[in-house]
Amino acid sequence: MRLLVLYGSQTGTAQDVAEQIWRESHLLGFRGPVLSFEEYETQRLIEEHLVVFVVATTGDGVEPDNMKQAWRFLLKRSLPPQSLQGMQFACLGLGDSSYPKFNYAAKKLHKRLLNLGATAVCPVGLCDDQHDYGHLGVSLAWTKDLWIALKSISGVNDSQQNGGHDQSPGKWLLKTLPKESAIPSLETFLWTQKQPAHTFKLKDNQRTTAENHFQDVRFLKLEYQTEALNWEPGDVLDVQPQNSEETVKEFFDLIREHNLNFDENTVVEVTSAHPDMPLPKAYATPLSLRQAAKYVWDLSAKPRQRFLEVLGFNCSDEMEKEKLVEFCSGEGIDDLVAYVNRPRRTVLEVLQDFRHATSCLTLEQLFEMMPLIQPRSFSVASDVSTGTLDLLVAVVNYKTIMHTPRLGLCSNWLKQLEAGTTEIRGVLKKGTMVWPKDLSIPLIMVGPGTGIAPFRSIIQNRLHAQFTGSAIGPLVVFFGCRKKSSDFHFEEDFTNWTTAKQVEAHFAFSRDEDHKVYVQHLITKNGPHLAELIKDRNAFIYVAGNSNNMPKSVREAFIEILDGDADYVDLMIKQRRYQEETWA
């Protein structure tokens, strides 16, 4: 029986979950593809009888980029109410309960499918990244219930399970080519996503925090030369990082240590093992293993269960094989969290730990198990009128129980790029922030830390409009950091803006005071003035930064200055007059 699995994924997690559901469905005797929404013609849903949807929620309750077009189609008013009456479906959402619109995309999709006449075979599953087990805390039990429901619907019985195979199906077929075979140039791998990329020249790459400050934050200035680019304040730039030479060397040292029958010069041609399984752009042409390890595989990623499952396929050591199988079971989830999630082990470190399993690796296993490098998104920190595209990037570097610090792949790659000659590929995307078209409406912006980036863009935008003759409303900014001397981002800009009385700025330097002062304290301190802007002049409020406690504390501060009127703030949120863009 045909079972279609569709996913909307931003960082690759929803894709990973969808592919696991697809593998399990094939073991149970179902047939059908696993596809992203953008790889499937949405109007064909009318022909489907059984569909599983796996949907992540991004930003402020927004659907992933590869789902946007499909979602617009499903929202068409011209669709008849019973369009999908012949379809049964299940919907699994991946979200984070620290965000107000938790699993919004999955909830909206589930409701819309029901409105179009489809029948749900089980309740919508709502995975929470805040759970001790991450998405597995919900997805494992939900998937188990899904198969029970689908078995009763489809008539598949236990005798049809596994299709005679012990291992779940792989995605790719590999052919090793002669080492002197022609392979693509470096240019091919600098951007391996489907959307066409722009080319930028890195003009400047400066550390903006003091050398003795605990975190390195980078200010990058990008020039675009070959085309006229346009963006709006709040838009983001997607960039695709690369593994460091040190990490690549570690990987091939491990390959050599185990005397495996391939090396960095091995050339491979990859094709799909299934007629309806799309081939990633990175595998569209033959490539060397060095190209895969440098530009395609994320060697610093946290391994998912599929990685551990495939690693154990040919393992001859009983103890290692047993442990890898256990990690992939519901019973072994505590051990999996303790081994992988808490210490943030990387795929490379797992290969080093499971030496017997690694010594039996085949090329087919490597290509099946290795996660692909995903683009990372950064808020644009400049207006198009300035002539450069600026980014403010916090370099991720922290310690766990592991011997070496955990390094964010993209931020550390950006950190070491040399200004002057380096070129970067990237794609501009619409951000989640919506600005009032009436330029006279006041803007209240709260952006502690690197959350200030999108607000530099809108301030430059409004001041440029003023310079060209438009009247603009008050620009009120709340910025917070630890110390004025250590991590005061865009200090020179703020000095110029406030000296010229163009911007009303409030600063919270939490470690410079006898008691810690944060942006929410400054909001309550300026309560009457802000309340007048909000109530009498219809000000818009924007909050950007870390998603931990800050957004909630800021929201509570605004409720407090509005005489405790939480309903008014809720109304502002519905009207998009109060917007949050936060990240973990």
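Start by selecting Gln206, Arg207, Thr208, Phe219, Arg456, Phe488, His489, Phe490, Glu491, Glu492 and Asp493, which line the second largest pocket. This is a predicted model, in which local features need pLDDT of at least 70 and side-chain atom pairs count only at pLDDT 80 or more, while totals for chains, interfaces and linings use all residues. Residues are numbered from 1 along each chain as its sequence is written, and side-chain values use heavy atoms, with hydrogens and water left out.

A pocket here is an open set of points on a 1 Å grid over the protein atoms alone, where a 1.4 Å probe fits, with protein on both sides within 12 Å along at least five of seven lines; lining residues have an atom within 4 Å of a point. The volume of this one is about 270 Å³, counted as the space filled by probe spheres set on points joined across faces, edges and corners.

Now colour your selection by residue type: you have three nonpolar, three polar and five charged residues. (Ala, Val, Leu, Ile, Met, Phe, Trp, Tyr, Cys and Pro count as nonpolar, Asp, Glu, Lys and Arg as charged, and the others, Gly among them, as polar.)

Next, show α16 (491–499) and β8 (198–207), each giving the lining at least two residues; α16 has the largest share, three. Helices (H or I, at least four residues) and strands (E, at least two) are DSSP runs, numbered from the N terminus.

Finish at β10 (residues 236–239), joined to antiparallel β13 by four bridges. Select Val239 and you will find Arg376 of β13 opposite.

Technical notes: Two strands pair if DSSP finds at least two bridges between them.
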